[in-house]
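Please examine the sequence and the structure shown here before reading on. The briefing is written for a reader who is new to structural description.

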Amino acid sequence: MNRLFLFLLVLTCLSSMVHAETPAEAGIRVAEAQIAKSPDAYQYYNDLALALARRARETCDAWYYRKAGEALARSFAIAPENFDGLKVRTRVLLGQHEFAKALDLATRLNKQTPDDIVIYGYLAEASEELGNYKEAATAAQWMLRIRPGNAAGLAVAGELREVFGYIAPAMEVTRMAYDLTPGQETQTRAELLVRMARLNLLAGDVPKAENYAITALDVFPGYPDGLAALAEVRTAQQRYDEAVILQRKRCDEAPRAAHLYALGEALTRAGQKAEANAVFAEFERKALAESDKGDNANRELIAWYIDFANRPADALRIAEKEIARRHDVFTIDSYAWALAATGDLPRASLEIQKAVATGVKDPQILRHAAAIARRLGTTAGNMGELFGGQGK
Amino acid sequence: MKQLLLRPGVAIALATLAAVSPQVFAASHREAPITALDQKADITDWFAFVSPEHPDRVVMILDVDPFLEPSNGPNYFPFDPGILYEMKIDNNHDGHPDVTFQFRFQTTIGQPGVFTGFVGNLAGIPPITALSGPGAAGLSLSQTYTVTMVMASGQTTNLGAGQTLYAVPTNVGPRTMPNYPALMQQGVYSLTSDARVFAGTIADPFFIDLGAAFDSLNFRQAAGGGVLSAAVDADDHNNYAPNTLAGYNVNTIVLEVPITWLTSDGQTHTAGDKQAVIGTWGTTSRQQTNVVPGFGEIGTTWAQVQRMGNPLINELIIGTGSKDKFSTDDPWHDSQFAGFFLNPLLATIFSSIGIPVPSGPRTDLLPLVQYQAPICPGCGPGDAGPIADLLRLNTGIPPTAAANVKRLAVLAGDFGGFPNGRRLTDDVVDIAARCVAGILVSATKYGTPIGDGVNTPAVAPSATFPFVAPANSGRNSAHDAGPGLPGCPVLTGSICPVN
């Protein structure tokens, strides 16, 4: 109890720190001032849109992407199809999880200016989210080839290495990206720290993960992804009450459907089932409302239908919709899990093999693979060999 | 109870991270952002010509590391041991290398306590008169290198013939290196069979009024303002405008090999035979981080930093947003840049200032990037190969006698030079500009005598291997060929014009 009290005290202190202007807020302020001075200069609308997109990442609030879209509309009204504006539009599309559209636009921009490493980054990001890992790796490799050692390329390389199961090498390049990021870029540094926390959790090093997660919140207080990372650490430490507090705070900061699901899970683990059910009910309402949008909580919805609500048919319906949009390892996993839940184990096995074959070390995917294998009468170890897993 | 491990999507503030990455934007000297960042890997020039000493051999010269100020000690200008320097030859016209010569350097510090890399005639240390052994005591910083021939089959041959090959250091000055030409000559090595090699610092052979060119083509009015008079145009030996490269050094690797090593069948051929024509280019590469398997294991592989075939392609033809991709990509992928070749922006600029140019698409420029006549008269329509920026050389065309060499080479009826390969004295600035203006379509209609007024290198090349001129002296040389300074001997007081 003492520990929980101390934890609450620290969290309160972190939350009550004087709110300094974030990099995105500063960008918005500067861009708006420039627009006020020169309302016909399209570049300032691009700057504003980019700053708004960054603010969306700081807050996990998709409203900022809509505002960014409005700023871009002003930019294109002045200078139709201007290159910088199209770059920011790609950024916004990625933020809105419109990955196929983002990929199309990034491909077009890449042909126009093949030296732009940011566009390669967008190509990599869109490809990875869609599950086109070979294309993602090719784009990331070009980032590092054209600008060896650039921070953005290293960060993307870290993501891809993680997918391929190269956890230590992923940590190495993510750390390099972090070291190259200036101190004033607080959100970006926090985002990289969250990644390092996640990688350390994957590697089983909970103390290091804890250190990174706490540092992320120190660097960017109230950062929703930082709160989630620390909550995951607390879960790993079986400090479920603290995980609930963190997830609740995350929902307060950014009440997204996916965040509600995580809170519901945390509450369940903490034994607060009644409150969990209420949260899950709200989660389902929100998730269904956004289910047909790019930025949705369909994977969480599938998980909830299967693992909590015992509604496998609903899970499969959502999974089929999502797998038609993208085939990244996490979506494949959700689809396979839904197939398994509806009793279609052969197809579930075929699907989960695709995910495991990348070498991914995500514990949920591996757990699902093992469960499907067990039900099919083989072993997870054999599955790994069967699937040709190449992760290290 | 399962755990849904946090993975909130891969999105990262890419624009932010890219902005904080180390990058700096700056003739083939620093022509692309990537090489402006990496001077040691910057290829300044690539030459290939049939040897005037031995017409059965080809000479290839790879110049790197631009604008070396001769006096800039104490360590001067070593080659980078981290770079793989390569000379590549395509002999079956597919744009891929069939024969490659690789060069790797190693640095040795002989006297770690001495404050400078080179010392002589001081404190009991004798002058530097040799690259190794007696006379080399003052060479605290010395570099050795290897030469390896790699065939498309993967077969490799070390061409060193058991020798230790030393790179020739820069010309520090007369006290330290009292007979630099003799020292330089010691850096010429005979390799296996009839090959020869040289590596070291030399006077930069390139010549151009760079300042005027990059000041939005603001050429000196005294030299015709970009369009040469008949007299200036006919002068192969004098400059009428300042040569920006005068007084600077550059690092070079010179290799001379039998033609039979380079052709597809190991034979020599007459000029009309397509097998006589090879495509050549130079590259520099560094180790790169691999993202994931598929590019090799996690670790490093060689990745090209720059390449060069034809001169000035990346400077004058390739768009700014594509220069790094062009530098780092392979020539057999050059169809992606076809738009730049077929509709060069420079032609539009010429047109805007009243110089007549043909309309696009400019298929007349394709002989520079495909195997076609006039360089390959034996090539039929099916032999052109892909669009690939290679310096093509017809090894069946004998070298032009020295007295008949023309700075405008093929444009002046001298087929021993650019764009049939490239010699040290070929005025590629004027030739390339005129090609872009359409002289290959019609010399009458599009033959404006475009030129910068710089017609010859600052230091005349040697008539013998390694052909390049010795490095400018660190102590005694100056950049005395700038605007308002000497360097234009036929003008009053030898002073080059400012305007």
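This is a predicted model: local features need pLDDT of at least 70, side-chain atom pairs count only at pLDDT 80 or more; totals for chains, interfaces and linings use all residues.

Residues are numbered from 1 along each chain as its sequence is written, while chains are lettered from A and ligands numbered from 1 in the order in which they are written.

**Chain A as a whole**

- Chain A contains 22 helices and 0 strands; helices (H or I, at least four residues) and strands (E, at least two) are DSSP runs, numbered from the N terminus.
- The radius of gyration of chain A is 21 Å, close to the 21 Å given by the globule rule for 392 residues, so chain A is as compact as a globular protein of that length. This radius is taken over C-alpha atoms, and the globule rule is 2.2 Å times the number of residues to the power 0.38.
- The C-alpha trace of chain A spans about 65 × 50 × 40 Å along its principal axes.
- Of the 392 residues of chain A, 57% count as buried. A residue is buried if 20 or more other C-beta atoms lie within 10 Å of its own, exposed if 12 or fewer, and partly exposed in between, with C-beta atoms placed from the backbone.
- Among contacts in chain A with a separation of 6 or more, 51% are between residues 24 or more positions apart; two residues are in contact if their C-beta atoms, placed from the backbone, lie within 7 Å.
- The domain assignment of chain A gives domain 1 (20-96) and domain 2 (308-392), with bounds that come from an automatic or database domain assignment. The centres of these two domains, taken over C-alpha atoms, are separated by 39 Å.

**Helix α21 of chain A**

- Helix α21 (residues 363-376) of chain A has 14 residues and reaches 20 Å from its first C-alpha to its last, close to the 20 Å expected at 1.5 Å a residue. The expected span is 1.5 Å times one less than the number of residues.
- The buried residues in α21(A) include Ile365(A), His368(A), Ala369(A), Ile372(A) and Ala373(A). They cover an arc of only 135 degrees around the axis, which puts them on the same side of α21(A); the arc is that of the directions from the helix axis to the C-beta atoms.
- An α-helix has 3.6 residues a turn, so residues three or four places apart point the same way.
- Just after α21(A), Gly377(A) takes a positive phi of about 90 degrees.

**Loops of chain A**

- His97(A), in the loop between α5 (83-95) and α6 (99-112) of chain A, has a positive phi of about 60 degrees although it is not a glycine. His97(A) is partly exposed, with 19 other C-beta atoms within 10 Å.
- Asn310(A), in the loop between α17 (298-307) and α18 (312-323) of chain A, is a residue other than glycine with a positive phi near 55 degrees. Asn310(A) counts as exposed, with 10 C-beta neighbours inside 10 Å.

**Chain B as a whole**

- Chain B has 12 helices and 13 strands. Its radius of gyration is 23 Å, close to the 23 Å that the globule rule gives for 499 residues, so chain B is as compact as a globular protein of that length.
- Of the 499 residues of chain B, 52% count as buried.

**Strands of chain B**

- In strand β11 (residues 277-289) of chain B, 11 of the 13 residues are buried, so the strand is largely enclosed by the rest of the structure.
- Strand β3 (residues 84-90) of chain B is joined to β11(B) by 7 bridges, and the two run antiparallel; strands pair if DSSP finds at least two bridges between them. Glu86(B) stands opposite Thr283(B) in β11(B).
- β11(B) also runs antiparallel to strand β12 (residues 300-308) of chain B, with 8 bridges.
- Ile89(B) lies in strand β3 of chain B and is buried, with 24 other C-beta atoms within 10 Å. The C-alpha atoms of Ile89(B) and Ile278(B), 189 residues apart along the chain, are separated by 6.6 Å.

**Cis peptide bonds of chain B**

- Gly360(B) and Pro361(B) are joined by a cis peptide bond with omega about -5 degrees.
- The peptide bond from Phe418(B) to Pro419(B) is cis, with omega near 5 degrees.
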